[in-house]
Amino acid sequence: MTTLLDVRGLKKYFPVRTGAFGSETRVVKAVDDVTFTVRRQETYALVGESGCGKSTLGRTLLRLVEPTAGTVALDGTELTALGPEALRRMRTRMQMIFQDPYASLNPRMRVGEIIAEPLATHKVGGRGQAREDRVLELMRVVGLRPDALRRYPHEFSGGQRQRVGIARALALNPEFIVCDEPLSALDVSIQAQVLNLLRDLQDAFRLTYLFITHDLSVVRQFAQRVGVMFLGRLVEAGPAEDLFTAPRHPYTRFLMSAVPVPDPRQRDREKLLMQGELPSPIDLPSGCRFRTRCPFATERCVREDPAEAADGERTWACHFPLA
């Protein structure tokens with residue numbers, strides 16, 4: 001498969017005022033020198049603990065927040081170099097599904113208006129009945145009944161509201177969709193339905209997903225490749241099955257060992273326990289930023305920030321990778 005999204009050295013830093021009366025300005029490195037690619041029609045999962053920079057990365061890719069440095073290319077077009085009008089045109093090719101389906105929908109707008117809003121903004125899909133027909137088709141595709149057209153978001157369940165958000169994201173026929181924790185606000189019984197819908201839509205419309213999540217049990221069944229983030233850095237990446245069966249970075253091993261396994265024969269599998277507290281993002285440790293929680297850290301980890309190593313499609317940043 002060919003590359004659709006190419007991210008190189010992406011950074012997003014936020015200034016933060018600290019000290020007495022905000023007299024000192026420090027920097028939160030929310031996304032710090034991240035490089036990866038996403039292939040056409042694949043699902044690339046981005047995983048990590050809350051606060052590691054996953055959502056900020058997703059928003060920076062789409063220029064919902066402006067990057068501090070680095071490049072993002074979609075199908076060869078450098079997004080970070082586009083002016084406002086060119087970026088507006090590119091937004092028809094890339095969309096986002098948000099974490100909280102209720103917060104992302106305007107409570108004063110009817111469902112039909114919400115789904116039609118991108119069509120009106122970009123002046124596509126016709127007008128009047130033609131636009132309403134397009135909205136009804138999108139609702140059918142995501143499993144919503146036609147009578148939902150004139151109802152308000154508060155009249156729906158969480159799963160139905162997320163379907164509205166998905167329909168809105170599909171309105172402009174995008175190629176690339178950032179799915180920012182699209183299941184985390186839903187009941188467990190509904191998550192599988194929405195996940196199956198996303199999979200069916202990917203097959204039907206040849207979509208490419210960046211799937212941001214902390215639920216690794218979802219990742220294994222849904223993603224082809226995975227990137228693992230820790231405090232703004234991509235510490236390991238590669239094919240999903242390889243990361244689950246033989247993680248190289250200790251942080252990845254910790255995440256994988258925390259995933260519940262229904263097979264009773266694997267209850268005694270080796271678990272790797274982190275130590276210490278999560279470092280402050282405005283006061284990162286020297287050397288490897290994971291060293292304060294790593295059971296294998298040495299003096300070298302204090303002195304040196306590990307360079308990225310690679311083996312085929314696998315990459316990792318660790319002085320002492322696991323076998």
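Modeller: A salt bridge is a side-chain nitrogen of Lys or Arg within 4 Å of a carboxyl oxygen of Asp or Glu. The model is predicted, so local features need pLDDT of at least 70 and side-chain atom pairs count only at pLDDT 80 or more, while totals for chains, interfaces and linings use all residues. Residues are numbered from 1 along each chain as its sequence is written, and side-chain values use heavy atoms, with hydrogens and water left out.

Searching the whole structure gives 23 salt bridges. One of them joins D283 and R26, at 3.8 Å from N to O. D283 lies in the loop between α9 (250–257) and α10 (299–303) and R26 in strand β2 (residues 24–39), so this pair ties together parts that are 257 residues apart in sequence. Helices (H or I, at least four residues) and strands (E, at least two) are DSSP runs, numbered from the N terminus. R26 is partly exposed, at 29% relative accessibility; here buried means under 20% relative accessible area, exposed over 50%, and partly exposed in between (1.4 Å probe, protein chains only).

Strand β2 also holds D32, whose partner R233 is in strand β10 (residues 233–239), 201 residues apart. D32 is buried, with a relative accessible area of 4%, whereas R233 is partly exposed at 21%. A network of salt bridges links D32 and R233 with R289 and D305.
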